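Student: I'm new to this one. Could you take me through a single part closely, and tell me what surrounds it?

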Amino acid sequence: VPENVLFVPTVDTAVFHPGPGDQKRSGSCFYAAKHRIVHGATVTDEVRGSVEITFGYPATQTEVAELFRRSELFYCYENTALALEAALCGCPTVCIPNPHFTESIAVRELGRDGCAWGTDPAEIARAKATVDRVRERYLRLCDDYWRQLDHFIRITQDRAHALCYRHPVRL
C-alpha cells in the first residue's frame, strides 16, 4: 500500500469467506443497479440467465455470501464492494467496462487478483486462477490498517501544528 493511503477495511470477513473447499460452483450472478437505474443502460448478454443482485435481493449479507459461494462468476457493471465480497467468497469478479465504469477502485491496494477487467476468456481465466489470493491480501490490509491510521494521525497532527496562525480562532 502506498505510504500516504488510509485503506479502511469495510468487509466483514466472518460473513464473506470461501466456505467449504469441496463446494461445487455453477452459474453466475451480477449487479448493475446504478448502471441501469441511474444511467439507463442495459446489461450485456454475458449475464443472461444469471441471478441479479438488487438493493433488496438477496435480503441479507449472509444470503449474498451464500450466493457468491455457489456462483462460478460475479459480473459487475460499476464500482461496488460486492466485487471484493465475491472474491473473498472465492467467486471471481468480471468487471464490465462501460462509459461510467472505466477503472476499479482500490486497485493499488487490492491488486487485480480474482478480478477480470472485461470478458476476454484469458482475463477471466487469470481471475479464476488468482481468486484464492484475495483473502490473504485483504487480511494483510486489515492488519495494516492500525499502522496506517497511526501514520495518518501523526502526519495530519504534525501538519496542523506546523501551521502558523496569524489570527486567533474565534468560536
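Tutor: Helix α3 (residues 81-88) lies across β1, β2, β3 and β4 (93-95), and runs at about 170° to β3. Contact here means heavy atoms within 4.5 Å. Axes are lines fitted to C-alpha atoms, for helices over the stretch in contact, with angles from 0 to 180 degrees between N-to-C directions. Helices (H or I, at least four residues) and strands (E, at least two) are DSSP runs, numbered from the N terminus.

This is a predicted model, where local features need pLDDT of at least 70 and side-chain atom pairs count only at pLDDT 80 or more, while totals for chains, interfaces and linings use all residues. Residues are numbered from 1 along each chain as its sequence is written, and side-chain values use heavy atoms, leaving out hydrogens and water.

Now the sheet: 5 strands form an open one, ordered β2-β1-β3-β4-β5, with parallel pairing (strands pair if DSSP finds at least two bridges between them). β2 (51-53) and β5 (115-117) stand at the edges with a single partner strand each, so one side of each has no neighbour in the sheet. From one strand to the next, the twist averages 25°. Helix α2 (residues 61-70) lies across β1, β2 and β3 (73-76), at about 145° to β2.

Back to α3: with 4 residues, α3 gives the most to the lining of the largest pocket. A pocket is an open set of points on a 1 Å grid over the protein atoms alone, where a 1.4 Å probe fits, with protein on both sides within 12 Å along at least five of seven lines; lining residues have an atom within 4 Å of a point. Among the residues nearest the centre of the largest pocket are Ala83 and Leu84.
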